[in-house]
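Please prepare a short briefing on the chain shown below, with attention to one strand and its surroundings.

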Amino acid sequence: MQPESSARRTTPLMQSIADQLSSGILIVDPELTVLAWNRWMTEHAEIDSETAIGQRLETLFPDLPVATLRRRVKAALQLQSPSYLQPRKGYLFPVTLDRIIDSHFAYMQQRIRILPDENEPHNAIIVVDDVTATREAEARAAVAAKASQRYLELIDHNVMTLGVDDDGHVTRASSALLQASGWNAETLCGTPLDALGLGQLEAHQKAADDKLPECPVLRADGSTLWVRVRKAQGLEDEEGYEHYLVLQDISLQKEIQALSERDALTGAYNRMKFDQLLQAAISAEERYGQQFAVILCDIDYFKRINDNHGHLAGDSVLKQFTALLRTQTRLSDQLARWGGEEFVVLLPIVNTQDAAAAAEKLRQAIATENWPPIGKLSASFGVAFHAPNESADSLLDRADVALYRAKEEGRNRVCIAEPADSERD
Ligand SMILES: Nc1nc2c(ncn2[C@@H]2O[C@H](COP(=O)(O)OP(=O)(O)OP(=O)(O)O)[C@@H](O)[C@H]2O)c(=O)[nH]1
């Protein structure tokens, strides 16, 4: 039944306007008895106006938070100003969504406005707005933000990255880098890149993809962390430009590389590495005129050492021999084990005489050293000075022939190789 007051005040024109709105409109008295009900409410709540009008809201909607709603209505009427209600569940009137399948919500999300009815000061107008789309977008954004956050955390924990300002000072470091380096975030910020062993920012900016700088970074405990450095896209904000470096741990790779270059027994370079060094020396001579020589050196009567003192004693002599050659050569010289009891030294030098003098120095050092358990030891030497345009094979052949001659002439001596074919008249 329709109460007198409502019938009087809801004119056909007002009802028609209310029916065209895309929000729910209902008028209630302070006891929440429905006095007016628009089409939106009929369609969405599936209760027609004849049924709704005259009924208390809690009768129509048994789960309605009546106490809260009544308080809000009272407040709006007393203050004669709008009041808003944000239902805890997101909706006041349970309206099922027909797009449940891809929605975060089963029920329509509503914004409730309670307005004092200016014509009837005891009544309140309740406006129900459908804000599902907004809440949906917010919920999706929250899920996306959480996923991005998780992704950032994943990167932070697993990828070594550094933020650097325009002056090459560190601005931030990922947890992965702090953990791998043992560095402390506070002390790290503001430190110049090169003080960490990471070189200059410009070098990383210019580096080609296939020639990324490899840097030995000093860990907090003094050990070395080898990293390959790639410059990533930077970011600009109101505080300025931030460059990003991504660091790849290549320590293991470096370790394997070092092992593959060296002879396991003596620690001297192996033949493969020496071949590379020799090629590099030939290129440097062609380009910059840096002359060099090689000394081939073979321990005399080494077989006897093995035969008389055992293989282990032979091994120990080889190690001591390597150590002696190291101390008797310069840092700029390169030492390799050529095979068995034969060694080779590559030395940047300007003439054959100087190379021969270097070999003679080695010969004397070996001859005067004490070699437990065998006593004395000697070695024979073949020295070849690299001729312009000479191949590596030709140079080594000449040194080998000279070494053979030293053996033939009685061992414990230095023989100088014949000039290369290109040098002969
Ligand atoms: N203990 C030990 N012996 C090795 C190693 N590599 C090669 N030899 C030995 O070195 C010896 C070389 O013998 P030879 O080539 O006859 O040369 P040599 O006895 O020094 O005689 P000359 O060179 O003519 O003075 C062989 O007995 C090899 O077995 C090694 O890594 N450890």
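Among contacts in the protein chain between residues at least 6 apart in sequence, what percentage join residues at least 24 apart? The share is 52%, where two residues are in contact if their C-beta atoms, placed from the backbone, lie within 7 Å. This is a predicted model, in which local features need pLDDT of at least 70 and side-chain atom pairs count only at pLDDT 80 or more, while totals for chains, interfaces and linings use all residues. Residues are numbered from 1 along each chain as its sequence is written.

**Overall make-up**
- The protein chain holds 16 helices and 15 strands, which are DSSP runs numbered from the N terminus (helices: H or I, at least four residues; strands: E, at least two).
- Of its 425 residues, 28% count as buried, a residue being buried if 20 or more other C-beta atoms, placed from the backbone, lie within 10 Å of its own.

**Burial of strand S14**
- Because 7 of the 7 residues of S14 (residues 379–385) are buried, the strand is largely enclosed by the rest of the structure.
- In a regular strand the side chains alternate between the two faces of the sheet.
- Both faces of S14 are covered, with Ala379, Phe381, Val383 and Phe385 buried on one side and Ser380, Gly382 and Ala384 buried on the other.

**Partners of S14**
- Strand S11 (residues 292–299) runs antiparallel to S14 and is joined to it by 7 bridges (two strands pair if DSSP finds at least two bridges between them), with Ile299 standing opposite Ala379.
- Strand S15 (residues 414–416) runs parallel to S14 through 3 bridges, and Cys415 in S15 is the bridge partner of Gly382.

Key:
Buried ≥ 20, exposed ≤ 12 C-beta atoms within 10 Å, placed from the backbone.
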